Structures are given as C-alpha cells and as structure tokens.
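Open the model in your viewer and keep the sequence panel beside it.

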Amino acid sequence: SGRILTLVEECRRMQLELLPPDVNRSNWKFTIEDGKIRIGMGAVRNVGHGAVDLIVKARDAGSAFASLFELAGRVPAGSLNRRVLESLVAAGACDVLGAKRERLFAGAALALDHASAVHRDQASGQASLFGLSAEDAGGLGVAVAPPLPEAPAWSNRDRGAREKEVLGFYFSEHPLEHLRADIERVATHAIAQALELGDGAEVRVVGLVGEIKQLTTKAGKLMAMVMLEDLSGRVECTVFPEAYEQARAQLATDVIVVAAGRVEVRDERGVKLLLTEVRPWE
C-alpha cells in the first residue's frame, strides 16, 4: 500500500486526474482512461488477484454489471466473499451499481446469498436468469433480486474514513482539503517539499496524525514516533520527550496538528522529521 500511496501522490503532484476504482472499468493495475488515471482494483485492501481476474473475465464476457446482485451472481460461485464485496464498496468501486454506498455495503451478504441461489439453480440445470437476454427474462433478472437493505446515510467523513481504511488514502475528500488555503499560510512547507530538503532544515508543517507509537528513553522519559500526513504526502516524525510531554494530551489519531522541527536525512532510515513542538491546529 505504500507503493500505491506513492503512485497516488505522484499523480496528484503532476496534476493528473485520478479516477476511483470501478468494477466496470478497472483492471488489477492502474490504467489510463481519456488521459486520466483509473485506480486498479488491486489497490483495494482485502481484494486478491484471483477475485479481480474473475470480475474482469465476467465483465468482458457480457455487459457491464448493473447491480450488486449481478456482480455477485455473474462471477463463479465462491469466488467473492463478504469482505471482498464490502471493501470494493468502501473504495467506491461499486458506485456505478445504482445505489448509495451505505446500502451496497449493508447488502453485501444479501447479494452473496442471492448469488448462491442463482448458482444452485444453474447447477441443477434451470435456465440462468443472468444468461438470458433482458427481453427473454422479461426483466425477471432484475425483479428476482431482493431490494438492498435500507441503511443510515454515510457522511463525507464516514466515506473518507472507509476509503482510507481500504485504499490507504482519502479519495473523495481529504479531511484537510477545506483547510488548504489556511494551511498554506501557516506551514513553511508541504510534507512532500520537506522531504526534499537537506539534513537539519527547519520546517513547520500542518498534518493529520496517523499512527502513534509511544517509546521510553533510557532516562525513563516518554517520547513518540508519529505518522503525519498532509495533502502532499506523509512522513514519520520523532517527537522528543519535552515536546511530547506538552503535546501528549492533544495527540490522537485523525487530529490536525501544527508541527515544528527539523529534517533528518539518514541513508538507512530515509527522511524523518525531528519535532521540537506540536500544537493542535485550533
């Protein structure tokens, strides 16, 4: 996923438009579509090569998938599980299937149950509804599938959090997007720019806190390793005991902070930031 994040950041830096993964258009790898970059289904966590191959095969053999039930029913029995379907939905890859993400997500198990019934019918020699043309089925193929369950709407924040979970980055709206102009006023550098600077350069960055690892120094003081991410990239930061003591109460995952310190370039460990001060954005 680190490699994918690098690819995505590179696309954004080059101002190439990124298109979301899509069960009707994506392959395993990233592809080019009308001069834009389509994210491959291989970028979605929990979705393996085998499942993607079968989805692409089923799609190429017929028409585009029109519903979640059709997606589950047209791939060979047992090749998709609930986690795969839910992950594709969370990544936005099923937005083309005619329903809101929250209902598609809630309907993953139902779609798989329906697909099992369809596969059983096929195995017992009954005509496949999906194999018939729309006219032959008289619209039956659609009518036979139950409706998707109702589900509470996902906020932009929910959508973003789930994208982050399965893609490793925020696709539709990064939580810092609406603060872009303010951040540019406060920060001396974007994280991607800071990573290009030499050892010892002083920086002030604004970022979203990711993973936090607390450590104890030899002298028994607490310090931390913190992942910071902004719209341009991410960086691992060392927060020294004094700074950590002051910031500890506010440091939590998904909190926005203003962090000051200096760049440390080490061949074996890459580039890090050594932070001397971390303050909440507010």
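**Before starting.** This is a predicted model, in which local features need pLDDT of at least 70 and side-chain atom pairs count only at pLDDT 80 or more, while totals for chains, interfaces and linings use all residues. Residues are numbered from 1 along each chain as its sequence is written, and side-chain values use heavy atoms, with hydrogens and water left out.

**Stop 1: confidence.** Colour the chain by pLDDT, the predictor's confidence in each residue, from 0 to 100. The chain has a mean pLDDT of 88, and 92% of its residues reach 70 or more. Now select residues 133-143, where the pLDDT is below 50. Beyond near neighbours in sequence, this stretch has 5 contacts in the model (a contact means heavy atoms within 4.5 Å).

**Stop 2: an open sheet.** Helices (H or I, at least four residues) and strands (E, at least two) are DSSP runs, numbered from the N terminus. Two strands pair if DSSP finds at least two bridges between them. Select β1, β2 and β3: these 3 strands form an open sheet with mixed pairing, in the order β1-β3-β2. β1 (18-19) and β2 (31-33) each have a single partner strand and stand at the edges, so one side of each is left without a neighbour in the sheet. β3 (residues 36-38) pairs with β2 in the antiparallel sense over 3 bridges. Pick out Glu 33 to find Lys 36 of β3 opposite.

Stop 3: Select β7 (residues 256-266) and β8, which run antiparallel and are joined by 10 bridges. The two strands form a hairpin with 3 residues between them. Val 257 has Pro 280 in β8 as its bridge partner.

**Stop 4: His 189.** Which loop holds His 189? His 189 lies in the one between α10 (180-186) and α11 (191-194). His 189 is partly exposed, with a relative accessible area of 21% (buried is under 20%, exposed over 50%, partly exposed in between, with a 1.4 Å probe and protein chains only). Show its neighbours: leaving out residues up to four places away in sequence, His 189 touches Ala 194, Leu 197, Glu 202, Val 203, Arg 204 and Val 205. Arg 204 is 15 residues from His 189 along the chain, and their C-alpha atoms are separated by 6.6 Å.
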